[in-house]
Amino acid sequence: MGIAEDIMAPEGWHAALAALAWQVDLGVAEVVGDGPIDRYELPETSANPLPKLAPAPARSAPTPAPPMAPSGDEAVAAARFAAERAANLDDLRQALAAFDHCELKKGARNLVFSDGNPKARVLILGEAPGREEDLEGRPFVGRAGQLLDRMFAAIGLSRSSPDPAAAVYITNVMPWRPPQNRDPEANEIAMMRPFVERHIALVDPDVIVLVGNTPLQAILNTKGILRARGTWATALGKPVLPMTHPAYLLRNPAAKREAWADLLNLKAKLR
Ligand code: URA
């Protein structure tokens, strides 16, 4: 049977659909051709050989080649430059949308900026968008996000409340989905930190909740959320409470008891 006949058979159709869904899960967003191209294959002989260059004059010291891409430091400096100029949240969203130094942007469908009430007393900082968030352009809308909503609702806080005292504002360290939901890398976190700092300064919450390891690394420069959770720290002039990520709680329901203690701790702080 040829490929077309395989796909026409009912089981072939289902297998092809499953293979396509798998590709989408991996982050494939578009098809660029019908056949594979081996871009590493070099032609054996070149039809148009490059013209020979005259020999370079002898130099006393080698001149370094100009960098092909900005170094990590340059990208962080560009991020700081852009973020500091944002006078409000709309400016900041536009600055992020125009920021081209982060590779994750190329694979993402949407910029995931924030959700909730910008006047909220509580700012929740997550890690990075997943598949649903990338599709919808809003943070925490998948299964973990639904659990997050239920957790905060249990202490009277919601992203849809117009009352700042009963509201939360939600954003992530990374505004673009990492491929296959991998953890953001240290250089990606460093590049986004100026935007996160500006975001927090513009919202000016009373309290920041860090959910998961990525915001812990971005804000408190440390790792190990299971050790750090539940202990108040101070960063950017604000009280900061690290908590376990709701995706972790979905995988480890026994950890919900500690998460509940952390929520009560937060509620007491807000009183
Ligand atoms: N996990 C996060 O940390 N953020 C989201 O927006 C979704 C899942």
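How many salt bridges does the count come to? By the rule used here, a side-chain nitrogen of Lys or Arg within 4 Å of a carboxyl oxygen of Asp or Glu, the count comes to 12. Before we look at some of them, a word on the model: it is predicted, local features need pLDDT of at least 70, side-chain atom pairs count only at pLDDT 80 or more, and totals for chains, interfaces and linings use all residues. Residues are numbered from 1 along each chain as its sequence is written, and side-chain values use heavy atoms, with hydrogens and water left out.

Let's start at strand 3, residues 168–172. Helices (H or I, at least four residues) and strands (E, at least two) are DSSP runs, numbered from the N terminus. 5 of the 5 residues of strand 3 are buried, so this strand is largely enclosed by the rest of the structure. Here buried means under 20% relative accessible area, exposed means over 50%, and partly exposed lies in between (1.4 Å probe, protein chains only). Both faces of strand 3 are covered, with Val-168, Ile-170 and Asn-172 buried on one side and Tyr-169 and Thr-171 buried on the other.

Now for the partners of this strand, where pairing requires that DSSP finds at least two bridges between two strands. Strand 1 (residues 114–116) runs antiparallel to strand 3, with 3 bridges between them, and Asp-115 has Ile-170 as its bridge partner. Strand 2 (residues 122–126) is parallel to strand 3 and joined to it by 5 bridges; there, Gly-126 stands opposite Asn-172.

Strand 1 also holds Ser-114, which counts as buried at 14% relative accessibility. Its side chain makes a polar contact of 2.8 Å with the side chain of Tyr-169. Such a contact is a pair of N or O atoms within 3.5 Å; within protein, one must be able to donate a hydrogen and the other to accept it, and residues adjacent in sequence count only if both atoms are side-chain atoms. Beyond its neighbours within four places in sequence, Ser-114 is in contact (heavy atoms within 4.5 Å) with Pro-139, Tyr-169, Ile-170, Thr-171 and His-199.

A backbone N or O atom of Glu-127 lies 2.7 Å from a ligand oxygen atom, and for Phe-140 the corresponding backbone distance is 2.9 Å. His-245 uses a polar side-chain atom, 2.8 Å from an oxygen atom of the ligand. The protein covers 92% of the 230 Å² of accessible area that the ligand has on its own, as computed by the Shrake-Rupley method with a 1.4 Å probe; for residues, only the protein chains shown count as cover.

Back to the salt bridges. Arg-138 and Asp-115 meet through their side chains at 2.6 Å, N to O. Arg-138 lies in the loop between helix 6 (131–136) and helix 7 (143–153) and Asp-115 in strand 1, so the pair ties together parts that are 23 residues apart in sequence. Arg-138 is partly exposed, at 32% relative accessible area, while Asp-115 is buried, at 17%. These two belong to a network of salt bridges that also links Glu-136, Asp-149 and Arg-159.

Elsewhere, Arg-182 and Glu-188 form a salt bridge at 2.8 Å, N to O.
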